[in-house]
Amino acid sequence: MPPTVIEPRASPIPLTPLPRRSIPPRHDSRQQFDHDHAHDHDLPVERELTPPTHLLSSPSSSNSHPDFAHDDAGRHANKQPYIRPFQSIWGLMSKAPLLLRSSPGFGTGSYGAVPIEATAGLSDEELDHITERHRRKTKSSGLRNGHTTGTHQPSNSSTLGPVLSPDTSRRRHSTSRRRRSQSLKTDSEQGDIVGDSGWGSTPTVGDVSVVNQGSKDTDVDSSSGTEDSEESAPEVNDEDPPDNSPYSQVRASVSAVDNVTLSINTPRMWTLSLLFAVLGSSTNLFFSLRYPSVSITPVIALLLVHPLGLLWDQLLKRHGDPQDQFINGVRTSEGGAQGHVSYLRRLRLWLAHGRWNEKEHSCVYISSNVSFGFAFATDVIVEQTHFYNQKVSITYQLLLILSTQILGYTFAGLTRRFLVRPSGMIWPGTLMSAAMFTTLHKEENTVANGWRISRWKFFVVVWLSAFLFYFLPGLLMPALSYFSVITWFFPKNVVVANLFGVSSGLGLFPVTFDWAQIAYIGSPLLTPFWAAMNVIGGLVIVMWIIAPIAYYKNMFFSSYMPILSSAVFDNTGNIYDVSKILTPDFLFDREAYKSYSRVYLPITYVLSYGLQFAALASLLSHTACWHGKDIWKQWKASLNEVGMESKGSYEAIPATAETGRARIFVPSGRRPSRSDSTDNIISQEDVHNRLMRKYNDAPLSWYLVTFVTMTAVGIFVVEYYPVHLPWYGLLLALGICAILFIPIGIVMAITNQHSSIYLICQLVCGAVFPGRPVANMVFVTYGYISSAQGIKFSSDLKLGHYMKIPPRILFSVQMVATIVSSITQICMLNWMFANVPNICTPEAINGFVCPLARVHFNGSILWGVVGPEEFFGPNATYRSLVWCFPLGAIAPVILWLYARKRKTNIVRKINLPVLFGSLSWIPPATGLNFSVWALVCYIFNYVIRKRAGAWWAKYTMTLSAALDSGLAFGLVVVFFGFVYPGLMDGFKWWGTEIYKLGCDWNACPYKVVPEGGHFGPDSW
């Protein structure tokens, strides 16, 4: 079959619109017929689409919607809705196929189904027959297709944008087609204007005819054709197009359609974003200085903001308010009001414009995700002011926190081409959020392996169950959380505690009833099974085989310490007292160090350091072997992008000089390969990247200017204030982040496992700038936090990519949220310094002892004062760990040489950066956290996905969101409602004490140091 070209004619034929009728939205029979008889074809097709005015003209003309740009006078005079050219074709051409269909993904079918060839027309009798058949079919199924639902929507408003009237086919033959086209309804409040057709960057405008390139005929015979010809006409399924994501978890969570008419840049979105940025950042900082603590996660904001958005509309909107038009999230036309309008009414209309929808919801969540984590710079300020007794000004605090937070954002923006746009960068952690938006904003329900419950009801049931159940392991019976039942029978047996313990043991008995334990290192439902197998493989080999052997053979004197602990010890087996090796001015006292003790680490801590060294080296070699060509290709494209600059990568489809029409290559009906292959994943694009091309990109110059500005601020901070870090030290920290950022982002985007550079930053600074603890802290802040924050920002950029948030709006949302949350945290921190007595001391009221800052302070002493040379230099105890660097660098190359030609070999699934790097969580994580995590991942992402794929696709991401958010609410209620007021003081019974009675909880060592003795060398 020859390829086909659709040539839209530029002159639309306006029709007089019929009065709006209150007709419930239903599927058109022709649409259902097309859906029932669609077939996949493998022929690539080129189509010509007429680009809209706002893309072919200057930027100044981009404020008006193309459908309303043809008649300015009529628009200003009568304000009558313009009938689309497509609607006129429906009334004139009996064989014209349905080009745009309503979609359950995002309301109006902005993706569109552009047919490949003409279909035969149907008479009104045939339409009646098919409509009745579809009605019977729907009734028998007991389910309805999902549609976008309005929030507090008037009863006469359509929820689908263009919808065909169900009684059209019953009208008289002479006027049926014209009235059918005229009865198309639009609702500007809920995405009435059909968005991008998906194949190009704009809606299809103008009259459309279908041309077969295989013949010279340009007219379609409207009097011939049968139902068979219509059955043979392939079409693109707008919900699963040929270029949809090749990854099933993405297809299960993210819609392949976009609605460009949803409101985004509204007072409602900005108010709620700033509200949650202020509340979340201040609350989390407040509790970060307390022990025990609780963290308010962005999932809570995701859930709480939804009823607030609905309440906003309910309070401010009125029946009969003028309708506003939105294009790409921005209001382009304001519904006018007749006569004099009071100031209060104008204010209310301004506050109420648009409607609460999934895109606004996404922006509020992204701003919360940016701001809810307390800034690492606040710990540096705490350490300087309360541990090193330095006086720092408010100006220094603001400049330090703003520069460290925003530099991470610039790294994310500059690497979008590598980490955000490629389809292979799926970012599993964002899929839960995307599934939640679908759950909260859609009524979408299909039968999945016999399960008919909707995702929203499923979420409510699981959320409520998780919330109520948490009272058992979190409050009434903590033994369910620390379920080391084997150690309960042998409480004094050290070997049993070492092997089967869950507090200081290796967790060989993977049973717990606390989701907080299961998801401690991340939700197992969001991690690909092959990545989990890499993690569990490393756990078994390193922690369950090598660690016990080394421990019981007393390697590195480890038998005198617990097998697993996050503390460091002296040569008597006690926790190391850092104050004994410092002068009153907090400088390193080498003589005191020689007379006290070397620093000793538990065996799992030692292996964790070795694994982090290997992970760092393997990260570079693995990325170079498997993704080097892709990175180089994208790097050259990025250089070209900097040269062109104005548009970035999300470019509108250009028009040809001859016709003024955009020529767009449409993929064939053949589905691209859907596998977990690591080949060319950075070069692949999918429907989401294509749909984003309609939006103006945030230029690279924005990020470059931000980067240069914040780097200059950082240099001023380290040179002007008493940090003792030279300016080239700051550049070295940023250089480490820049080199490792893309490899770390690739691993995180593919596996949902984050590789930290915290340790390497400490070691590098300790080696290059020894004896400078404050410089070590600041160096780590600029190096590690720029990386960690940048990875978080990249994840949010990918979520905005999935949810089709215009990049420039997303840039503003992230930047404003970062600035507001940073200023808020500095204000909260200084308020606590002034109002909490004895803060950051053991005598602090209500537990405000600053535990995290204390840990970081100890790290700055060990690596900034004692220095890496005492750990890994000549004659040092842990000198042999240095060999992990070449081992980690060589191992990925060997695997790559073996597996690069073996496309189906299981060796290709081995990801050494994940295998090595994920175990850096140990400590503080224990073997239980990894073993039970991998078990749950195996059950859901392998067994259930293989045996009940439909159930897995429909419910897994929603299940993860429900469990996480139920746990978060349970933590908050238990802490604020029972623990914080002291209501549980004195509450004890067997379920609260049994797990504390043995060696597991008390971290007993295998060997005990004799009284007055010590282990290790006598001098050092």
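**Helices, a hairpin and some reasoning**

This predicted model has 38 helices and eight strands in its protein chain.

Q: Why are helix 10 and helix 16 called roughly parallel?
A: Look at the angle: the axes of helix 10 (residues 298–316) and helix 16 (residues 428–441) cross at roughly 15°. Angles under 35 degrees count as roughly parallel, so helix 10 gets that label relative to helix 16. Their axes also come within 12 Å, and the crossing is right-handed.

Q: What makes the contact between helix 10 and helix 16?
A: Helix 10 brings V299, L302, L303 and H306, while helix 16 brings M432, S433, M436, F437, L440 and H441. To count here, heavy atoms have to be within 4.5 Å. Sort these contact residues by type and you get seven nonpolar, three polar and no charged. Val, Leu, Met and Phe are among the nonpolar kinds.

Q: How do you know that strand 5 and strand 6 pair up?
A: Count the bridges: pairing takes at least two, and three join strand 5 (residues 325–327) to strand 6 (residues 330–333). The two strands run antiparallel.

Q: What is N328 doing in the hairpin of strand 5 and strand 6?
A: N328 takes a positive phi near 55° there, and the hairpin has two residues between its strands.

Q: What makes a residue count as buried, and how many of the 1020 do?
A: The cut-off is under 20% relative accessible area, and 58% of the 1020 residues of the protein chain count as buried.

Methods: Residues are numbered from 1 along each chain as its sequence is written. This is a predicted model: local features need pLDDT of at least 70, side-chain atom pairs count only at pLDDT 80 or more; totals for chains, interfaces and linings use all residues. Side-chain values use heavy atoms; hydrogens and water are left out. Helices (H or I, at least four residues) and strands (E, at least two) are DSSP runs, numbered from the N terminus. Axes are lines fitted to C-alpha atoms, for helices over the stretch in contact, and angles run from 0 to 180 degrees between N-to-C directions. Angles under 35 degrees count as roughly parallel, over 145 as roughly antiparallel, 65 to 115 as roughly perpendicular and the rest as oblique. A crossing is left-handed if the near helix is turned anticlockwise from the far one by less than a right angle, and right-handed if clockwise. Buried means under 20% relative accessible area, exposed over 50%, partly exposed in between (1.4 Å probe, protein chains only).
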